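I opened this model to look up two things.

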Amino acid sequence: MGISLNLLGLLSICSLSLSQGKGVYISSFSHCKTQHEVDVDFPGTDITSVYSPDADHCQQLCTQHPPCLFFTFIRDGWTRDNRHFYCYLKSTTTGEPRVRTPLLGVTSGYSLKPCSPDLKPCLSQVYQNVNLLGVGFRTLFTADCEECQRACTQDSGCQFFTFANENTEMESIRFKCHLKFSWTIPRPSVRALLNVVSGFSLKIQMGQQSDTGKKNKLFPRTDIPGGDIMMLPDASPQHCQALCSAHPLCTFFSFVSNGFSCQLKSDPNYLVIRDNDGITSGLPAHFCQLDNNWVKLAHEDVDFGGSDIRYVLLDDADTCQRTCTEDALCQFYSYVTAKFADPAYRRHCYLKRSITMPAPLHVARLANVVSGFTLRNCVSAPSHV
């Protein structure tokens with residue numbers, strides 16, 4: 001089933017966006033297959049591996065991962081080695097696994113890309129004695145896991161949770177609810193590349209509060225030193241502000257233009273401003289409507305590398321952006337202009353995406369805890385968890 005790779009592999013499958021393939025989800029072998037194959041392995045052809053609590057979640061990850069066409073998930077009952085909750089994402093040029101092998105303890109299936117999938121799936125299942133590990137940002141005490149899940153659902157930064165029940169061995173953490181974060185905003189890799197134009201789908205929306213009378217605060221030619229919690233590739237201070245607004249621990253940020261670097265920072269007590277050309281700093285939009293103009297920006301001589309779904313031949317970057325916006329899977333794009341050095345890539349519009357559904361960094365067994373996901377994407381919350 002291949003070597004386990006870091007989750008960061010999801011965000012940048014290859015360093016060069018100018019791939020030769022036209023993408024796989026639109027090709028002639030794309031048929032909607034929703035059913036799982038229990039105790040069947042699709043060996044080999046791994047792209048990467050990530051963690052999932054069950055086969056349904058693994059299938060959703062495969063659906064959002066650009067080249068993934070099918071998967072094999074190692075269930076909790078697997079006994080051959082200590083691998084559990086591994087989700088192997090796979091692909092072939094035919095769209096079908098090369099081999100199917102009976103194997104106890106695994107479940108295999110297919111990407112839902114050909115099925116017009118819901119890209120914000122409702123993940124209502126909860127998991128007994130399973131810990132979903134991620135960026136923990138808040139803890140509170142709740143009477144039961146249902147109340148913990150409600151707390152996660154009501155907190156815009158929470159994507160999943162773990163609740164320690166009354167039987168937890170350590171008395172001091174009984175009834176403790178841990179709220180955890182994962183990214184829901186596209187985060188392409190960014191680099192300078194002459195005669196390439198990149199940008200985002202216009203359908204991307206940020207779910208912030210509705211007070212539109214507030215203005216988003218940016219400080220041009222200004223650095224806010226210290227407090228760094230994360231550095232991400234980025235193309236604009238506006239998108240950097242969107243990332244800071246989405247991260248529950250971010251209190252301010254600095255965007256370094258010549259390095260395409262978004263520095264998320266956290267210090268609830270101090271904010272010190274320093275003059276610095278080439279850096280734009282700012283504050284997150286916690287209680288006001290976030291300015292979504294960053295999705296309209298076209299970044300000239302900038303490439304959003306990797307994460308390709310497919311490409312099409314088009315005459316200009318505006319048409320490329322419209323094509324991305326009209327494609328349900330596309331989140332961002334790169335367009336190679338007619339002036340690009342290599343004529344083989346000219347007029348290519350590369351449609352791209354990254355995983356933005358709740359995705360734990362790790363999944364592990366842990367006695368007397370219950371874990372699950374936010375219900376914000378569910379039409380109606382289930383009456384019983």
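The entries below follow the order in which I looked things up.

**Entry: the model.** I am working from a predicted model. I kept that in mind for every value below.

**Entry: disulfide count.** I began with the cysteines. I counted sulfur pairs within 2.5 Å. That rule gives 10 disulfides. I then went through some of them one by one.

**Entry: C32 and C115.** I found these two cysteines joined in a disulfide, with 2.1 Å between the sulfur atoms. I looked up the torsion about their S-S bond and got about 110 degrees, so this disulfide is right-handed. Next I asked which parts of the chain the pair ties together. C32 sits in the segment before β1 (37–41), and C115 sits in the loop between β5 (101–110) and β6 (127–133). The two parts are therefore tied together across 83 residues of sequence.

**Entry: C320 and C349.** I found a disulfide here too, with an S to S distance of 2.0 Å. The angle about the S-S bond is 80 degrees, and the link is right-handed. I placed C320 in helix α4 (residues 317–326) and C349 in strand β21 (residues 348–352). The pair links distant parts of the chain, 29 residues apart. Are C320 and C349 buried or exposed? I found C320 buried, and C349 is buried as well.

**Entry: C244 and C250.** These cysteines form a disulfide, and their sulfur atoms are 2.1 Å apart. I read -95 degrees about the S-S bond, a left-handed link. Both C244 and C250 are buried.

**Entry: C145.** The cut-off I used for a disulfide is 2.5 Å. I then checked accessibility. C145 has 11% relative accessibility, so I counted C145 as buried.

**Entry: cavities.** I turned to the search of the whole structure. It finds two cavities of 30 Å³ or more.

Terms used: Residues numbered from 1 in each chain as written. Predicted model: local features only at pLDDT ≥ 70, side-chain atom pairs only at ≥ 80, totals over all residues. Heavy atoms only, no water. 1 Å grid on protein atoms, 1.4 Å probe; cavity = no way out; pocket = protein on both sides within 12 Å on 5 of 7 lines; lining within 4 Å. Points joined across faces, edges and corners; volume = space filled by probe spheres on them. Helix = DSSP H or I, 4+ residues; strand = E, 2+ residues; numbered from the N terminus. Buried < 20%, exposed > 50% of the residue type's maximum accessible area, 1.4 Å probe, protein only.
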